[in-house]
Amino acid sequence: MNTEKSEEFYKRLKDQLSESTAWPSNYLYKFIVPTEEEKIDQIHRIFDNTGAVIESKQSKKGNYTSISITVNRKNPDEVIEKYLEVGTIKGVISL
């Protein structure tokens with residue numbers, strides 16, 4: 001994703017989250033990751049010490065893993081911060 005498009009996306013997300021949610025609130029992140037232990041571990045490390053509940057499920061063929069993370073965030077900026085951190089991991093799709 002190019003930077004300009006990314007900035008627009010996150011600004012729109014922040015506006016939507018601000019309007020639709022009372023903060024602090026639980027937020028559900030969903031990611032699709034190639035089933036590689038290092039990439040999955042990186043995502044787990046990003047959410048370490050946040051009180052996150054992390055659930056993983058492999059695809060039928062085992063090539064991909066779906067990761068759902070529920071965690072309490074103080075505001076939309078904290079939500080976006082984690083998306084940006086996970087976005088640095090190659091091959092991860094944020095849903």
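**Figure 1. Pairing of Tyr27 within the predicted model.** The bridge partner of Tyr27 is Val71, a residue of β3. The view is taken from a predicted model. Strands β1 and β3 run antiparallel and are joined by 10 bridges. Another pair links Val33 to Thr65, again with the partner in β3. β3 has the highest mean pLDDT among the elements of the chain, at 98.

Figure 2. β2 and β3 pair in the antiparallel sense, and 6 bridges hold the pairing. Gln58 stands opposite Thr65 of β3. Thr65 is also the bridge partner of Val33. The hairpin has 5 residues between its strands, and Gly62 takes a positive phi near 85°.

**Figure 3. Strand β4 beside β1.** β4 covers residues 93-94 and is joined to β1 by 2 bridges. The two strands run antiparallel. Ile32 has Ile93 of β4 as its bridge partner.

**Figure 4. The buried face of helix α2.** Helix α2 spans residues 37-46, and its buried residues are Lys39, Ile40, Ile43 and Ile46. Seen down the axis of α2, these buried residues fall within an arc of 120°, so they line one face of the helix. An α-helix has 3.6 residues a turn, so residues three or four places apart point the same way. The cover over the buried residues of α2 includes β1 (25-34), β3 (64-73) and α3 (76-86).

**Figure 5. Helix α3 and its N-terminal cap.** Asn75 caps the N-terminal end of α3. A side-chain oxygen of Asn75 lies 3.0 Å from the backbone nitrogen of Asp77. Within α3, the buried residues are Pro76, Glu78, Val79, Ile80, Lys82, Tyr83 and Val86. Helix α3 is also among the elements that cover the buried residues of α2.

Figure 6. The bond from Trp23 to Pro24 is cis, with omega near -5°. Pro24 sits in the loop between α1 and β1.

Figure 7. Asn49 is placed in the loop between α2 and β2 (53-58). Asn49 has a positive phi of about 60° although it is not a glycine. Is Asn49 buried or exposed? Its relative accessibility is 83%, so Asn49 counts as exposed, the cut-off for exposed being over 50%.

**Figure 8. The whole chain, for orientation of the close-ups.** The secondary structure comes to 3 helices and 4 strands. Along the sequence the pattern is α-β-α-β-β-α-β. The radius of gyration is 14 Å, close to the 12 Å that the globule rule gives for 95 residues, so the chain is as compact as a globular protein of that length. Along its principal axes the C-alpha trace spans about 40 × 30 × 20 Å. Of the 95 residues, 32% count as buried. Among contacts with a separation of 6 or more, 70% come from residues 24 or more positions apart. The mean pLDDT of the chain is 94, and 95% of its residues reach 70 or more.

Terms used:
Residues are numbered from 1 along each chain as its sequence is written. This is a predicted model: local features need pLDDT of at least 70, side-chain atom pairs count only at pLDDT 80 or more; totals for chains, interfaces and linings use all residues. Side-chain values use heavy atoms; hydrogens and water are left out. Buried means under 20% relative accessible area, exposed over 50%, partly exposed in between (1.4 Å probe, protein chains only). The arc is that of the directions from the helix axis to the C-beta atoms. Contact means heavy atoms within 4.5 Å. pLDDT is the predictor's confidence in each residue, from 0 to 100. A polar contact is a pair of N or O atoms within 3.5 Å; within protein, one must be able to donate a hydrogen and the other to accept it, and residues adjacent in sequence count only if both atoms are side-chain atoms. Two strands pair if DSSP finds at least two bridges between them. The radius of gyration is taken over C-alpha atoms; the globule rule is 2.2 Å times the number of residues to the power 0.38.
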